[in-house]
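Please open the structure in your viewer and keep the selection tool at hand. The stops below tell you what to select next and what you will find there.

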Amino acid sequence: MTERPRFLNLKQASAIRDLVATPVYVYDEPLLRRQANAALAFPHAFGLTVRYAMKASPNAALLRFFDGLGLHIDASSGYEVHRAVRAGIAPWKISLSGQEMPADFAGLVESGMEFNACSLRQLDDYGKGFPETSVGLRINPGIGSGGTKKTNVGGPSASFGIWHEYAEQAREIVAKHRLRIVRIHTHIGSGGDPEVWQRVAAMSLNQVEAFEHAEVLNLGGGFKVGRMSGDESTDLQRIGEPVRALFLDLYQRTGRKIHLEIEPGTYMVANACSLLTTVQDIVDTGEEGYRFLKLDTGMTELLRPSLYASQHPIVVLPRREIDGATANYVVVGHCCESGDLMTPSREAWDTLAPRRLAEARVGDLALIEGVGAYCSAMSAKNYNSFPEAPEVLLREDGQLQVIRRRQTLEQMVANETPPPETDEIPSSNC
């Protein structure tokens, strides 16, 4: 059985190709709204803030859309903070948790941005610059949950956050600079194991108790999204209710009402976007080999299969009646790169795994689905000098809105500096 389109039909897809050509990312506004509303309904005891993890897909139109629904922003770099502000997000709605502190960090803090120190050094540097102020603390809880080891951001193999056994050292730095830890932050990855998420919540509340001024607990990650048919997605109500009970228990024991923050990224956008492509060639390697479907896209728009062996639904939209005819294809990208593979085995990114798809011809449209998160934002952009692909928003009234134009060659090379015009050979100390 072949996959069916999530939200785009042949007529809509053809109109989009006529509008901006392919490849192009297409976002579905109704599904974005449903996911946001589901997150906003997450169980909580004493208040909830939903932060969109903008690294998943940072287009300004998406940031403004989620801002209009009442979401705040989780940023992972100073550049993301500036990008969000440029999109119209108030600095006080933005929280930064990053691997580095930006050069203009002081200005960002003074603008109202919230900050979570993610290492002992970051905490000390913050204290030197802003003594006697409030700050958040990101803790590595010691466990995590990821679809692969590369997507697990908690535990001993992850560099994110202050290792939980170093909490006493963190308290010493806090005391030295007379800081107030008002927020505890953890992140476990996107594996979506409810038991792990609940265990981390309990461990994190223990950290909250250890810092008397903490009034917010940010529980990041843990919301798995099933992209392929048969894959399960996290039930937010099921995962949230036991955690809500933990918050109530803390209140009954201590009288402290802790505000909950969550920061979904994948959950918000993953299945709300499809990559619309065109079949540009079909080749084979003989009876003992494979039949390859070549698309006009690849790792330049979708790196996850090459990086993680991630699985994405692929739907061919034939322009003719095919009476249910199907064929097995290995789907590959347009890059001159052996790793540009859209259908890897689940077990290994470099192993071919043919898919049963509707019988295709050159010129047919195809959809790669579930590409809203960490695809446009995380790609091998400009490899082989392919331009950055456009993005289109399919509005709730059926109208199409271009939210990013296709990059031009002039834009691609704009920052290159040509060598000086001279016949002299530069000297070298090598």
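Select Glu-114 to begin: this residue is partly exposed, with a relative accessible area of 26%, where buried means under 20% relative accessible area, exposed means over 50%, and partly exposed lies in between, computed with a 1.4 Å probe on protein chains only. Glu-114 belongs to strand β5, which covers residues 114-117; helices (H or I, at least four residues) and strands (E, at least two) are DSSP runs, numbered from the N terminus. Everything you see is a predicted model, in which local features need pLDDT of at least 70 and side-chain atom pairs count only at pLDDT 80 or more, while totals for chains, interfaces and linings use all residues. Residues are numbered from 1 along each chain as its sequence is written, and side-chain values use heavy atoms, with hydrogens and water left out.

Stay with Glu-114 and show the side chains around it. Which side chains are joined to that of Glu-114 by a polar contact? The side chain of Arg-51 is joined to it by a polar contact of 2.9 Å, and that of Arg-183 by one of 3.3 Å. A polar contact is a pair of N or O atoms within 3.5 Å; within protein, one must be able to donate a hydrogen and the other to accept it, and residues adjacent in sequence count only if both atoms are side-chain atoms. Leaving aside neighbours within four places in sequence, the residues in contact with Glu-114 (heavy atoms within 4.5 Å) also include Trp-92, Leu-96 and Glu-261.

Next, select Glu-391 in strand β17, residues 391-394. Is Glu-391 buried or exposed? Glu-391 is buried, because its relative accessible area is 1%. Its side chain makes a polar contact of 3.5 Å with the side chain of Ser-376. Beyond four places in sequence, Glu-391 is in contact with residues including Tyr-25, Asn-59, Val-402 and Arg-404.

A search of the whole structure finds 1 cavity of 30 Å³ or more, and the largest cavity holds about 60 Å³ of space. On a 1 Å grid over the protein atoms alone, a cavity is a set of points where a 1.4 Å probe fits but cannot get out, whereas a pocket is an open set with protein on both sides within 12 Å along at least five of seven lines; lining residues have an atom within 4 Å of a point. Grid points are joined across faces, edges and corners, and a volume is the space filled by probe spheres set on the points. Among the residues that line the largest cavity are Tyr-25, Ser-376, Glu-388 and Arg-404, and the lining divides into 4 nonpolar, 4 polar and 4 charged residues. Here Ala, Val, Leu, Ile, Met, Phe, Trp, Tyr, Cys and Pro count as nonpolar, Asp, Glu, Lys and Arg as charged, and the others, Gly among them, as polar.

Now select Glu-388, Arg-404, Arg-405, Gln-407 and Gln-411, which lie nearest the centre of the second largest pocket, a space lined by 16 residues. About 450 Å³ of space lies in this pocket. Its lining takes at least two residues each from β18 (400-404) and α12 (409-413), and β18 gives the largest share, 3 residues.

Leu-205 counts as buried, because its relative accessibility is 4%. Apart from residues within four places in sequence, Leu-205 is in contact with Leu-217, Leu-246, Phe-247 and Leu-250.

Two backbone details can be found in the loop between α1 and β1. Most residues other than glycine have a negative phi, and most peptide bonds are trans. Ala-21, in this loop, has a positive phi of about 70 degrees although it is not a glycine, and the peptide bond from Thr-22 to Pro-23 is cis, with omega near 0 degrees.

Finally, colour the chain by pLDDT, which is the predictor's confidence in each residue, from 0 to 100. The protein chain averages 91, and 92% of the residues score at least 70. Select residues 144-154, where pLDDT stays under 50. Where pLDDT is low, the predicted coordinates should not be read in detail.
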